[in-house]
Amino acid sequence: MQWVKVLGGVVGAAALLGLGIIVGHFAIPKGADSPAPSASASQDLDLKILETVIEQLDANRIRENLRELSKEPHLATTPRDEALVQLLLQRWQDPESGLDSARTTEYEVLLSFPSGEQPNRVAVVNSTGAILFSCRHSEENLTGEQGGPNVVPPYAAYAPPGTPQGPLVYANQGSEEDFKELQNKGVKLQDSIVLTRYGGVGRGAKAVNAAKYGVAGVLVYTDPKDINDGKSLPNETFPHSWCLPPSGVERGSYFEYFGDPLTPYLPAMPSSFRLNSDNASGFPPIPIQPIGFEDAQVLLCNLGGNLAPADWQGGLGCDYNLGPGFRSNGIFPEDGQVNVSVHNRLELRNSSNVLGIIRGAVEPDRYVLYGNHRDSWVHGAVDPSTGTAVLLELSRVLGTLLKKGTWRPRRSIVFASWGAEEFGLIGSTEFTEEFFSKLQERAVAYINVDISVFANATLRVQGTPPIQSVVFSAAKQISAPGSSGLSIYDNWIRYYNRSSSVYGLVPSVGTLGAGSDYAPFIHFLGISSMDIAYTYDRSKTSARIYPTYHTAFDTFDYVDKFLDPGFSSHQAVARTAGSVLLRLSDSLFLPLNVSDYSETLRSFLQAAEDLRVLLEQHGISLGPLVTAVERFEGAATAFNQRIATLREGTPDPLQVRMINDQLMLLERTFLNSQAFPEERYYSHVLWAPRTGSVATFPGLSNAYSQAKNTGHEPAAWAEVQRQLSIVVAALEGAAATLRPVADL
């Protein structure tokens, strides 16, 4: 009979699955010299091993790692970057502290560099073209580390070449609203050069917004009000403090998307199809060049026109005017213009990822990934080498236990050093494209530790809601640096906290955007992800990030003297991230709490309720959304109860595997590849970029904002209905994923 055959097939498959859990060690190849304690299907987190790891993570070793990693500039694909590839391989292949295996994967990617023969230049010229003033071509050599031949001069990666010239206009942060404000004030933007400050919108968006208004070229600088708490004098800034010195220039990628520009959704192999760079999207449409605030001061403090709005003023010690052109009593003629000469070039380069693998003893086909990028703009002591220094120390401690035969994780651990992140998360994105199916089927979680230490006040974590509980558990059991006697958790809650309807006062866990290598894992693959770092006290500084970010002043001594003397905050991050890693790799049941998504969904639903009246006027009901949220909450509660019941008994391996797969796959249920066709890689319906003002589901918020602005346009309100349906389907799918596996 057919039903007997089906039942027999199901039972047989289940038996094979259970056997695979116990003895299936073939997903990641075994090492010949990697002894391990005898594995058991019931293997759970060993608290003694966890304590040993935490105790052995050494601050001095992290410090020496950082000294080595940051002693020379290591821009992506340069010889020093490749030398660090070999250093990682050497560490991960060490006979006494190495991992089971280590290898590199190489991708052929499109990068952007300034010309060595024709330096980029910004100058003020008079009506005859004579140069009256030139901005610096490089930063001041304050410590002997800013003038070496391998220090790349400041530039805007992927900015097109060109030599635009025109009257100067000040455009604040270069947002769409800023340009509308200038237009409303009657400021002529056509064929102008605009000066903008970092912040507000992404780097590339400044050029995109400017081009819409006929601007010919863009300058960008870091205002001391935004980064230095107003300090701008040489004796107030680095090397006398952590503040950005006047000549400091933030480099960065101005590419709109992440991943290799020419191979979207395909791994950038030599054989892969490539777009023509002339037709590829995402590049800045007009030339753009960053400058230091000492040069911006000369330009801004001599600008004519009307006074800029109060909230556009900065910290350069003068009134900021709008332009166009210079003031009559300044150092430049009123008809003086700014010439911007950009000579960047595009090049195909080979960039390497380095992978280090510890094979799981029980579930080798379940991967816990821990990553950090390797490349930097210059020395990159903070970004990214604080993270790589921690990565090397954590892998050393785990590798030593592995080689001694005293420990092997339940699940496989994959350490990753990503290449070319600074150009747009390229290494990690290409990895997710190459191993898309395998990672979606097998990856448990992704831990990102990029900049491990921004400053030394408190832990800062961003992540998806299910990771909150495992991070809290780790942070509660580790002492915070200093003499407070507090745990990292209790210290964290003093600086960043929120009131939870479930737990009361808890530390705030931020959401994940696209600022580091977690982006392709959460937005593209739907893998539970987090980013862990130590940061500063927001009550003591308004800096948007550590001040020497992406400059030639981001050096070892900067970290050693100003950010983390003694490296105790580095050690705290290593201990926290290490504890999270072990809990995810070794716990019998994955320590992910699906009910923590309920708070987020309820918050989004409450925000959506504010839209109800206008939605109903257009025949759109929130009823299905309310029902879907309630069903998810019920399914999550019942799911947690089943886990609690199983913990009380002796669950068989298949029961554990089924529960863990439900935990692992929940995040994937929020993916919809058709939800945001205008975005690249974004498919997570809860965490995609939100441009609407209502803090609800991003697709719904964005569509509602657009429809409201267009009035009664039927197509716009149809898109609102579509986005609402996408969210409802995702929530219903998530609830179904959490129900008992036998309930079809």
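Figure 1. The end C-alpha atoms of residues 165-251 lie 22 Å apart. The name comes from UniProt, where an unreviewed entry places "domain: PA" at residues 165-251. The structure shown here and in every legend below is a predicted model.

**Figure 2. The division into domains.** Three domains are assigned to the protein. Domain 1 is built from two stretches, 47-110 and 347-586. Domain 2 covers 119-342, and domain 3 covers 594-738. Taken over C-alpha atoms, the centres of domain 2 and domain 3 are 40 Å apart. The two domains do touch: eight residues of domain 2 are in contact with four residues of domain 3.

**Figure 3. Helix 3 against helix 9.** Helix 3 spans residues 59-69 and helix 9 spans residues 381-404. Their axes come within 8 Å and cross at roughly 130°. Helix 3 is therefore oblique to helix 9. The crossing is right-handed. Helix 3 brings Arg61, Ile62, Asn65, Leu66 and Leu69 to the contact. Facing them in helix 9 are Ala381, Ser385, Thr386, Thr388, Ala389, Val390, Leu392, Glu393 and Arg396. By class, the contact of helix 3 with helix 9 holds seven nonpolar, four polar and three charged residues.

**Figure 4. Helix 3 against helix 4.** Helix 3 also packs on helix 4, residues 79-92. The angle is about 150°, and the axes are 11 Å apart. On the helix 3 side, the contact uses Asn65, Glu68 and Leu69. On the helix 4 side, it uses Arg80, Leu84, Leu87 and Arg91. Three of the residues in this contact are nonpolar, one is polar and three are charged. Asn65 and Leu69 also meet helix 9.

**Figure 5. Two cis peptide bonds.** The bond from glycine 323 to proline 324 is cis, with omega near 5°. Proline 324 sits in the loop between helix 8 (293-300) and strand 11 (337-341). The bond from aspartate 383 to proline 384 is also cis, and its omega is near 10°. Proline 384 lies in helix 9.

**Figure 6. A positive phi at leucine 425.** Phi of leucine 425 is near 55°, a positive value in a residue other than glycine. Leucine 425 is in the loop that links strand 14 (411-418) to helix 10 (426-434).

Figure 7. In UniProt, an unreviewed entry lists residues 620-739 as "domain: Transferrin receptor-like dimerisation". Over these residues the chain is 64% helix and 0% strand. The end C-alpha atoms are 29 Å apart.

**Figure 8. Helix 19 against helix 20.** Helix 19 covers residues 623-648, and helix 20 covers residues 653-665. They pack at an angle of about 150°, with axes 12 Å apart. An angle over 145 degrees counts as roughly antiparallel, so helix 19 and helix 20 are roughly antiparallel to each other. Their crossing is left-handed. Phe639, Arg642, Ile643 and Leu646 in helix 19 meet Gln655, Ile659, Gln662 and Leu663 in helix 20. The residues of this contact divide into five nonpolar, two polar and one charged.

Notes. Residues are numbered from 1 along each chain as its sequence is written. This is a predicted model: local features need pLDDT of at least 70, side-chain atom pairs count only at pLDDT 80 or more; totals for chains, interfaces and linings use all residues. Side-chain values use heavy atoms; hydrogens and water are left out. UniProt positions are given in the numbering used here, feature names are shortened, and annotations may be inferred rather than shown by experiment. Helices (H or I, at least four residues) and strands (E, at least two) are DSSP runs, numbered from the N terminus. Axes are lines fitted to C-alpha atoms, for helices over the stretch in contact, and angles run from 0 to 180 degrees between N-to-C directions. Angles under 35 degrees count as roughly parallel, over 145 as roughly antiparallel, 65 to 115 as roughly perpendicular and the rest as oblique. A crossing is left-handed if the near helix is turned anticlockwise from the far one by less than a right angle, and right-handed if clockwise. Contact means heavy atoms within 4.5 Å. Ala, Val, Leu, Ile, Met, Phe, Trp, Tyr, Cys and Pro count as nonpolar, Asp, Glu, Lys and Arg as charged, and the others, Gly among them, as polar. Domain bounds come from an automatic or database domain assignment.
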